[in-house]
Amino acid sequence: MADEEDCAPTVQNLLDQTSLQWIFVGGKGGVGKTTTTCSIGVLLSQVRRKVLIVSTDPAHNLSDAFCQKFTHEPTLVEGFSNLYCMEIEPASMTSEASVDSLGLGEESAMQSMFKELGGAMPGIDEAMSFTEIMKSVQKMDYDVICFDTAPTGHTLRLLRFPTTLQTAFEKLMELKNKYGGMLNQAAAMMGQNGQGMENALLSKLEETQRVIGEVNKTFRNPDKTTFVCVCIPEFLSVYETERLVQELTKYEIDVHNIVVNQVLFAEPDACRKLLARKRMQDKYLDQIHDLYEDFNVTVMPMRDNEVRGGEALKAFSQYLINPYRPDKTVDGVASSPQVVKFLAEKFDLDKDKVFSALDEQGLTVPRLD
Ligand SMILES: Nc1ncnc2c1ncn2[C@@H]1O[C@H](COP(=O)(O)OP(=O)(O)OP(=O)(O)O)[C@@H](O)[C@H]1O
Ligand SMILES: [Mg+2]
């Protein structure tokens with residue numbers, strides 16, 4: 001697997017791997033998926049010819065992140081010459097739309113049969129609408145496409161395509177037997193050929209299966225596709241990340257980047273509460289480093305403000321390639337744990353005793369080591 005050099009604590013590997021076409025960014029709700037996707041997009045726009053960021057999240061996150069209204073058509077991001085964003089309307093992801101995309105025309109016996117099929121197999125609907133998106137995006141002229149996935153994990157369901165489809169086909173055959181006679185009769189009454197309709201539906205499904213097969217092949221090609229997991233250093237998020245990594249591995253999808261976001265540092269202006277929280281985070285950071293020692297684990301600092309707008313994203317994205325180092329002082333003031341550490345080392349004092357003595361005086365200073 002990856003050697004030491006490959007495990008740099010940055011996402012530089014994504015910029016260097018010029019064969020990459022699809023970068024999926026996923027993780028638990030609210031951890032910073034959209035911010036990370038946009039930041040990766042910003043970095044890629046500096047090294048690749050034309051970059052597209054796509055979101056299928058109903059919450060219009062990309063518009064919020066860049067402070068610019070995007071639509072279902074790719075739109076150039078202000079301040080960039082080669083970075084585009086596109087937000088797929090949730091309406092186009094509904095079952096109605098994907099049933100329509102089969103091109104079966106008005107409500108027909110076949111269509112209601114398909115609806116039943118879709119109802120019985122929720123995955124197939126999503127699979128088909130996602131395939132439509134993939135197909136249309138693939139036709140566009142982008143070097144690389146970054147996907148901001150919804151927290152509910154469209155992407156994970158996507159990975160189950162082959163199984164879903166196979167079950168769907170089995171279901172279809174069952175329905176065919178159940179409705180076959182009725183359909184032929186209904187079609188004959190309307191002067192249509194029932195067998196013809198059935199064939200039309202089957203060939204449409206086969207065509208979809210073929211496209212999904214292609215998409216699956218691309219997904220499983222680590223030269224073309226990779227998945228970036230975003231998490232925060234807290235129990236639930238680490239737990240969900242591990243589940244995600246396991247699932248991706250099961251479906252043979254490449255994953256070797258973990259972005260740990262909203263990380264606290266012992267900066268001079270950090271208060272006791274924040275430092276206590278930092279200690280909690282440190283525990284999970286250690287776990288993340290242990291669990292993913294052959295991954296690229298990139299640590300992103302918690303900023304004082306939200307990361308919004310092109311300029312803020314550009315600044316934030318720098319930490320994805322140049323690890324964040326907190327200053328020793330803020331406005332010339334050093335943090336108390338750093339002062340204790342410095343004095344203990346300088347005057348050869350027992351650090352623990354200094355901390356305890358301060359504690360007794362009600363001058364608690366968090367231990368940071
Ligand atoms: N490191 C950070 N420092 C400060 N604010 C951050 C940081 N990362 C993200 N944020 C802010 O936190 C909020 C949530 O981030 P973001 O929208 O990227 O999360 P998400 O995982 O996409 O959420 P959702 O699951 O709702 O789509 C945003 O307002 C964003 O600006
Ligand atoms: Mg989001």
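Select α2 first, residues 33-45. The expected span of a helix is 1.5 Å times one less than its number of residues. The 13 residues of α2 should therefore span 18 Å, and its end C-alpha atoms are 18 Å apart, in agreement. This is a predicted model, in which local features need pLDDT of at least 70 and side-chain atom pairs count only at pLDDT 80 or more, while totals for chains, interfaces and linings use all residues. Residues are numbered from 1 along each chain as its sequence is written, with chains lettered from A and ligands numbered from 1 in the order in which they are written.

Colour α2 by burial. A residue is buried if 20 or more other C-beta atoms lie within 10 Å of its own, exposed if 12 or fewer, and partly exposed in between, with C-beta atoms placed from the backbone. α2 is mostly covered, with 13 of its 13 residues buried.

Pick K33, in helix α2. Is K33 buried or exposed? K33 counts as buried because it has 28 C-beta neighbours inside 10 Å. Contact means that two C-beta atoms, placed from the backbone, lie within 7 Å. Beyond its neighbours within four places in sequence, K33 is in contact with V25, G26, G27, D148, T149 and V230.

Now step back to G30, in the loop between β1 (22-27) and α2. An unreviewed UniProt entry gives "binding site" at K28, G29, G30, V31, G32, K33, T34, T35, E234 and N261. UniProt positions follow the numbering used here, feature names are shortened, and annotations may be inferred rather than shown by experiment.

**Next: ligand 1**

Show the residues around ligand 1. A residue is near a molecule if its C-beta atom, placed from the backbone, lies within 6 Å of it. There are 19 around ligand 1, and K33, T34, T35, R303 and E306 come nearest. Two or more residues of the shell come from each of α2 and β7 (255-263). Which element gives the most? α2 does, with three residues.

Colour the shell by type. Ala, Val, Leu, Ile, Met, Phe, Trp, Tyr, Cys and Pro count as nonpolar, Asp, Glu, Lys and Arg as charged, and the others, Gly among them, as polar. The shell divides into six nonpolar, eight polar and five charged residues.

**Next: D57**

Select D57, in the loop between β2 (51-55) and α3 (61-66). The unreviewed UniProt entry annotates D57 as "active site". D57 is partly exposed, because 19 other C-beta atoms lie within 10 Å. Outside four places in sequence, D57 contacts D148 and A150.

**Next: F70**

Move to F70, in the loop between α3 and β3 (75-76). F70 is buried, since 22 other C-beta atoms lie within 10 Å. F70 touches L62, S63, T75, C85, M86 and E87, leaving out residues up to four places away. Draw a distance from F70 to C85, 15 residues apart along the chain: their C-alpha atoms are separated by 6.6 Å.

Zoom out. The protein has 14 helices and 10 strands. Of its 369 residues, 34% count as buried.

Note on methods. Helix = DSSP H or I, 4+ residues; strand = E, 2+ residues; numbered from the N terminus.
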